[in-house]
Amino acid sequence: MNRIPPSLEPYLQQTIQSKESRVALVKLYRSQIEKGSHAAMTPLLNLCLDKSRDVAQSASWVVLDFASQIQAASQIAPICVQSPITGVRQNALKALIAAMNGGLQVSETEIETLFNALAEDKAPEVLQLLYELVNCCLWHHHSISQELAQATFKLTQRLVEQNHKATLDMTTKAAFITLNQMLNLEDSRLVLPIRDCTRALLRATDIGQKVDRLIITGILTKLAKYNSELLTQIVREDLVINGRVLPAANLYAIAIAIVHDQGKNAPLLNEILQDERLTNDVKSRILRERGL
């Protein structure tokens with residue numbers, strides 16, 4: 001039964017110890033919210049922390065569907081932090097982000113508190129959403145506190161150090177987008193840690209199909225405006241590490257950043273062409289840029 005008659009609510013409350021009754025309450029609250037009830041959101045949020053995985057998951061999907069009904073971050077944050085179920089934490093974070101995009105006012109302090117509470121989460125899906133939460137903050141506040149920025153940098157460096165492939169594969173794109181958004185603030189205090197995180201990610205991951213190379217090229221080109229030696233350092237220190245050559249997509253992005261910053265005939269590109277350790281793919285790309 002997908003539609004629960006409102007007249008059954010007293011009975012369902014009386015038998016709430018039954019999982020079936022709580023499942024039915026989730027359906028009833030959905031129906032009430034669809035009809036304009038704001039009051040139904042509170043008990044629905046409570047069911048997101050239900051001991052039953054099925055009940056909690058079902059409730060969290062309804063909350064996500066009606067994220068516009070969330071009145072304050074304090075309603076949803078406890079679910080993000082306390083639920084032992086990855087899918088519930090994921091839906092709760094998505095709902096908060098959707099509510100913010102829909103106009104919910106959330107302070108940077110609230111975002112920072114939530115970020116720090118989840119920064120040690122083991123689920124890549126949740127960590128990816130933390131970057132999206134920071135992006136949402138940047139979009140709506142047009143700024144970022146030093147505390148939240150440092151927490152983001154710390155998370156990024158930790159993920160690189162742990163070098164868990166599945167986690168990096170899922171979070172790298174979101175991390176680069178966040179770093180790019182931060183760089184667009186033109187806050188000189190953020191430049192060095194953005195540089196360090198960018199280099200660390202490029203050394204640790206294959207951007208391949210996961211990240212738009214234009215984002216990487218854009219970050220590197222912007223960073224080069226703050227440090228004219230950066231691209232030289234990357235070419236001489238990062239392209240080959242302990243005998244391991246960076247993936248082709250990473251090399252392409254670096255080479256195109258050099259083209260944008262120094263021109264297609266830059267001597268630095270000649271260093272890449274003359275390096276016998278590097279693949280012919282990236283060298284061919286450089287030659288194509290030169291029209292050869």
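Author: Happy to. In helix α2, Ser21, Arg22, Ala24, Leu25, Val26, Leu28, Tyr29, Ser31 and Ile33 are buried. Please keep in mind that this is a predicted model.

Reader: What do the buried residues of α2 pack against?

Author: They pack against α1 (9–14), α3 (41–47) and α4.

Reader: How do you know that the length of α2 agrees with what a helix should span?

Author: α2 covers residues 19–34, which is 16 residues, and at 1.5 Å a residue they should span 22 Å. The C-alpha atoms at its ends are 23 Å apart, so the two values agree. After α2 comes Gly36, with a positive phi near 105°.

Reader: Why is Ser52 called buried?

Author: The word buried is used under 20% relative accessible area. Ser52 has 10% relative accessibility, so Ser52 counts as buried. Ser52 sits in the loop between α3 and α4. Leaving aside its neighbours within four places in sequence, Ser52 is in contact with Lys19 and Arg22, and Arg22 is one of the buried residues of α2.

Reader: What makes α4 and α6 roughly parallel?

Author: Their axes are 9 Å apart and the helices pack at an angle of about 15°. Angles under 35 degrees count as roughly parallel, and therefore α4 is roughly parallel to α6. The crossing in which α4 passes α6 is left-handed.

Reader: Which residues of α4 and α6 meet?

Author: From α4 there are Ala56, Gln57, Ser60, Trp61, Val63 and Leu64, and from α6 there are Gly87, Val88, Asn91, Lys94 and Ala95. The residues of this contact of α4 with α6 divide into six nonpolar, four polar and one charged.

Reader: Which residues of α6 are buried, and what do they pack against?

Author: The buried ones are Gly87, Val88, Arg89, Asn91, Ala92, Leu93, Ala95, Leu96, Ile97, Ala99 and Met100. The buried residues of α6 pack against α4 (53–65), α5 (73–82), α7 (108–118) and α8 (124–141).

Reader: How do you know that the length of α6 agrees with its number of residues?

Author: α6 runs over residues 86–101, and its 16 residues should span 22 Å at 1.5 Å a residue. The end C-alpha atoms of α6 are 23 Å apart, so the length agrees. Just after α6, Gly103 has a positive phi of about 120°.

Reader: Why is Gln75 called partly exposed?

Author: Partly exposed is the range between under 20% for buried and over 50% for exposed. With a relative accessible area of 24%, Gln75 is therefore partly exposed. Gln75 belongs to helix α5. Beyond its neighbours within four places in sequence, Gln75 is in contact with Thr42, Leu45 and Ile70. Gln75 and Glu147 are 72 residues apart in sequence, and their C-alpha atoms are 23 Å apart in space.

Reader: What makes His142 count as exposed?

Author: Exposed is used over 50%. His142 has 63% relative accessibility, so His142 counts as exposed. His142 lies in the loop between α8 and α9 (146–162).

Reader: What makes α13 roughly antiparallel to α14?

Author: The axes of α13 (residues 230–237) and α14 (residues 248–262) come within 11 Å and cross at roughly 150°. Angles over 145 count as roughly antiparallel, so α13 is roughly antiparallel to α14. α13 passes α14 in a crossing that is left-handed. In this contact, Leu231, Ile234 and Val235 of α13 meet Ile254, Ala257, Ile258, Asp261 and Gln262 of α14. The residues of the contact divide into six nonpolar, one polar and one charged.

Reader: How do you know that Thr221 is buried?

Author: Buried means under 20% relative accessible area. Thr221 has 13%, so Thr221 is buried. Thr221 is part of helix α12 (residues 213–226). Leaving aside its neighbours within four places in sequence, Thr221 is in contact with Ala257 and His260.

Technical notes: Residues numbered from 1 in each chain as written. Predicted model: local features only at pLDDT ≥ 70, side-chain atom pairs only at ≥ 80, totals over all residues. Heavy atoms only, no water. Helix = DSSP H or I, 4+ residues; strand = E, 2+ residues; numbered from the N terminus. Expected span 1.5 Å × (residues − 1). Buried < 20%, exposed > 50% of the residue type's maximum accessible area, 1.4 Å probe, protein only. Contact = heavy atoms within 4.5 Å. Axes fitted to C-alpha atoms, helices over the stretch in contact; angles between N-to-C directions. Parallel < 35°, antiparallel > 145°, perpendicular 65-115°, else oblique. Left-handed = near helix turned anticlockwise from the far one by under 90°. Nonpolar A, V, L, I, M, F, W, Y, C, P; charged D, E, K, R; others polar.
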